[in-house]
Amino acid sequence: MDRTALLNEAKKAMGFAYTPYSHHKVGAALLTADGKVYSGCNVENAAYGPCICAERTAIVKAVSEGNTKFKAIAIVGGMQGVLRSFCTPCGVCRQVMREFVTPKDFEIYVENGEGEQKTFTLEELLPESFGPENLSED
Ligand code: THU
């Protein structure tokens, strides 16, 4: 699955975003090492704190089905579901990605309202990060 195809899956997922409070809809599509795609949308809540981002929805779906090896994630989003600027992941989602991937290899695909696409590595978006190796005693 290439970048455009994964971004298209993210756009489909954005259609399910539950955003009665912010009206900012986001869709994500996570590509696993064995070629499966897990999609996710943001799911908001009247209590605000329990809101979950699209990226984490996709990651939690994958991990909860036994998939923890990831190659890439595509993300799109915008107010009322209209793409304008690139929807890059929030800091919490970057850290959650970090748990499962090698930052220099994991790719993040985004697209703006002009149809321009960009690829970042997680290393670029979360440099000098803290991860599972930091808790190793050897
Ligand atoms: N949101 C995401 O789902 N992913 C991002 O990368 C940025 C923010 C959601 C959270 C909240 O539901 C809404 O967008 C506004 O912050």
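## Aromatic pairs

Two aromatic pairs turn up in this chain. Keep in mind that we're looking at a predicted model.

Start with Tyr-21 and Tyr-48, whose rings sit 5.7 Å apart, centre to centre, with 50° between the planes, which makes the pair tilted. The two tyrosines come from distant parts of the chain, 27 residues apart. Tyr-21 belongs to the loop between helix 1 (3-14) and strand 1, while Tyr-48 belongs to the loop between strand 2 (37-41) and helix 2. As for solvent, Tyr-21 is partly exposed at 37% relative accessible area, and Tyr-48 counts as exposed at 56%.

Then there's Phe-70 with Phe-100. Their ring centres are 5.9 Å apart and the planes meet at 65°, so this pair is edge-to-face; the cut-off for that label is over 60 degrees. Phe-70 is in strand 3 (residues 70-79) and Phe-100 is in the loop between helix 3 (91-98) and strand 4 (107-111), so the pair ties together parts 30 residues apart in sequence. Phe-70 is buried, with a relative accessible area of 11%, whereas Phe-100 is partly exposed at 29%.

## Around the ligand

Now for the ligand. The residues around the ligand are Ser-22, His-24, Val-26, Asn-42, Glu-44, Cys-53, Ala-54, Glu-55, Thr-88, Pro-89 and Cys-90. Sorted by class, that shell has five nonpolar, four polar and two charged residues. Two elements, strand 1 (24-32) and helix 2 (54-63), each supply at least two residues of the shell.

Several polar atoms of the protein face oxygen on the ligand. A side-chain N or O atom of Glu-44 is 2.5 Å from a ligand oxygen, and a polar side-chain atom of Glu-55 lies 2.6 Å from an oxygen atom of the ligand. Ala-54 contributes through its backbone instead, with a polar atom 3.0 Å from a ligand oxygen. As for cover, the ligand taken alone exposes 370 Å², and the protein buries 77% of that.

## Overall fold

Zooming out, the chain has four helices and five strands. Going along the sequence, they follow the pattern α-β-β-α-β-α-β-β-α.

What about overall size? The C-alpha atoms fill a box of roughly 50 × 35 × 30 Å along the principal axes. A compact globule of 138 residues would have a radius of gyration near 14 Å, and the chain has 14 Å, so the two agree. Of those 138 residues, 41% count as buried.

Most residues other than glycine have a negative phi. Two residues here are worth a look on that score.

One is Tyr-48, the tyrosine from the tilted pair. Its phi is near 65°, a positive value in a residue other than glycine. Tyr-48 is found in the loop between strand 2 and helix 2, and at 56% relative accessibility it counts as exposed.

The other is Glu-128, with a positive phi of about 50° although it is not a glycine. You'll find Glu-128 in the segment after helix 4 (122-125). With a relative accessible area of 79%, Glu-128 is exposed, since the cut-off for that label is over 50%.

How values were computed: Residues are numbered from 1 along each chain as its sequence is written. This is a predicted model: local features need pLDDT of at least 70, side-chain atom pairs count only at pLDDT 80 or more; totals for chains, interfaces and linings use all residues. Side-chain values use heavy atoms; hydrogens and water are left out. A residue is near a molecule or strand if one of its heavy atoms lies within 4 Å of it. A polar contact is a pair of N or O atoms within 3.5 Å; within protein, one must be able to donate a hydrogen and the other to accept it, and residues adjacent in sequence count only if both atoms are side-chain atoms. Accessible areas come from the Shrake-Rupley method with a 1.4 Å probe; for residues, only the protein chains shown count as cover. Ala, Val, Leu, Ile, Met, Phe, Trp, Tyr, Cys and Pro count as nonpolar, Asp, Glu, Lys and Arg as charged, and the others, Gly among them, as polar. Rings of Phe, Tyr and Trp (its six-membered ring) pair if their centres lie within 6.5 Å; planes under 30 degrees apart count as stacked, over 60 as edge-to-face and the rest as tilted. Buried means under 20% relative accessible area, exposed over 50%, partly exposed in between (1.4 Å probe, protein chains only). The radius of gyration is taken over C-alpha atoms; the globule rule is 2.2 Å times the number of residues to the power 0.38.
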